[in-house]
Amino acid sequence: MAKLAMEAIVRGRFANKERCVRVFFTLLCWLPLATSAAAADPLGPWRHNVRVSTAGSELPRHTIHAYYLTCPESPDGRQVLFYASTEASGHHGELIVLDRTSGAETIIARNITTEDAHRAACQQWVSGGKRVAFHDVREGRWLVAAVDLPSAQERVVARDRQLAFGQPTGDVVPLYGCHWNPGDHRDLELVNVATGESHVALTAACAEEEYSAWLKDEFGDRQTSIFFPVLSPDRSRVFFKIAAGSGGDDFRSSSASHRQGLFVYDLAASRFLCMRSTWGHPAWHPDSRTIIEIGPILIDSDDGASTRIANVPSLRGSHPSVSPDGTLFVTDGLLDALADEPGQWGVMVGDLRGGAFVVLHKFDNSRGARSWRVSHPHPAFSPDGRRIYFNESSGQWTRLRVIEAGG
């Protein structure tokens with residue numbers, strides 16, 4: 001506003017320039033107060049006039065964003081990535097990039113087979129938005145691939161592995177062996193999607209040596225593997241859990257593997273930092289040190305110490321994640337006492353300091369994709385923190401939806 005007033009003065013649009021100058025300097029004095037107010041109540045933009053809409057066209061299809069650990073919006077905010085399927089189960093489909101301005105959709109990968117409709121193809125932005133990484137099953141074998149968007153060329157970077165979550169600004173993504181039957185791929189691998197080069201960052205044997213007593217108690221004598229590694233925003237740390245597979249080939253089964261524990265490893269220093277005996281739904285804070293978990297609690301990954309976020313609801317089935325500026329968290333879950341009707345789900349945003357929250361949207365989530373592992377909302381902030389993307393299964397089709405902040 002102050003900038004507009006000064007531009008008007010310079011261009012001679014105000015007859016009373018002296019008065020306009022006074023307005024300009026009054027605004028300069030007011031701006032720090034407005035900034036202070038925003039800092040005092042980071043929930044302000046989410047309290048009024050939020051808008052909920054569908055991302056993309058409402059064709060008869062499922063549209064699913066991968067997970068709460070990754071944002072479907074590109075780092076520059078211009079595009080949205082999602083998985084689409086016309087099958088009732090959602091198990092087979094394609095990857096689509098939506099232009100947020102024009103609404104145009106571009107298919108970047110076809111005939112994808114997924115493990116479930118819960119994480120879809122684990123599709124995610126990488127290389128600053130230049131590429132998209134995902135995993136797929138082809139001729140009975142799992143693989144990890146990356147599509148270079150400018151050239152539309154696909155590179156297969158690994159076979160017999162699955163993809164977890166990296167960071168959209170980097171070229172490196174974490175891989176792990178098929179949790180039900182990893183074979184020779186029991187370790188955590190990092191692969192560069194631009195070059196195809198990969199290396200083992202941590203062996204399962206290392207984890208077994210470090211936490212032998214706990215692993216023995218949890219898994220007995222079963223062979224274990226590193227499962228679902230997630231890189232920190234600065235890519236210096238990783239958290240993961242441990243899996244013991246059934247040894248079979250049925251990956252669409254709740255008994256395909258037993259998975260547990262939250263382990264944090266410092267990639268730069270090559271050492272374990274902490275572990276917790278249970279895995280809820282952890283996510284990195286932008287500071288690359290703190291982890292948010294269901295509760296919601298904040299975990300210091302340096303030593304595993306945890307602090308509960310006070311005076312905010314603990315939603316069942318929640319998937320919490322933190323805003324890019326580190327002031328808010330968003331989560332989904334069953335609303336219970338906050339619901340308008342039994343079984344209602346919602347998307348809630350809260351002050352990371354505790355004490356304040358807003359339920360942004362309430363909905364039925366009992367329908368949608370008929371996968372053996374159902375699609376959950378999995379809300380995630382946009383890169384600028386002004387939008388929240390989530391999956392809604394209130395009708396026949398699971399839809400990717402977006403909540404935009406108000407004034």
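Analyst: For the classes used below, Ala, Val, Leu, Ile, Met, Phe, Trp, Tyr, Cys and Pro count as nonpolar, Asp, Glu, Lys and Arg as charged, and the others, Gly among them, as polar. The model is predicted, so that local features need pLDDT of at least 70 and side-chain atom pairs count only at pLDDT 80 or more, while totals for chains, interfaces and linings use all residues. Residues are numbered from 1 along each chain as its sequence is written, and side-chain values use heavy atoms, with hydrogens and water left out.

On a 1 Å grid over the protein atoms alone, a cavity is a set of points where a 1.4 Å probe fits but cannot get out; a pocket is an open set with protein on both sides within 12 Å along at least five of seven lines, and lining residues have an atom within 4 Å of a point. Points are joined across faces, edges and corners, and a volume is the space filled by probe spheres set on them.

The whole structure holds 3 cavities of 30 Å³ or more. The largest cavity has a volume of about 40 Å³, and its lining consists of Gly295, Pro296, Pro313, Ser314, Leu315, Ser318, Pro320, Phe329 and Thr331. By class, this lining has 5 nonpolar, 4 polar and no charged residues.

The largest pocket contains about 590 Å³ of space. It is lined by 26 residues, of which Leu69, Cys71, Gln167, Pro168 and Val322 are the closest to its centre. Strands S18 (283–284), S22 (321–322) and S26 (380–381) are the elements that give two or more residues to this lining; strands are DSSP runs (E, at least two residues), numbered from the N terminus. The pocket lining comprises 16 nonpolar, 9 polar and 1 charged residues.

Strand S22 also belongs to an open sheet of 4 strands in the order S22-S23-S24-S25, with antiparallel pairing. S22 and S25 (357–363) are its edge strands, each pairing on one side only; two strands pair if DSSP finds at least two bridges between them. S22 pairs with S23 (residues 328–334) over 2 bridges, and Ser321 has Val330 in S23 as its bridge partner.

Cys71 is in none, and the nearest cysteine sulfur, that of Cys122, is 15 Å away. Cys71 is buried (under 20% relative accessible area; exposed is over 50%, partly exposed in between; 1.4 Å probe, protein chains only), with a value of 17%.

Technical notes: A disulfide is a pair of cysteine sulfur atoms within 2.5 Å.
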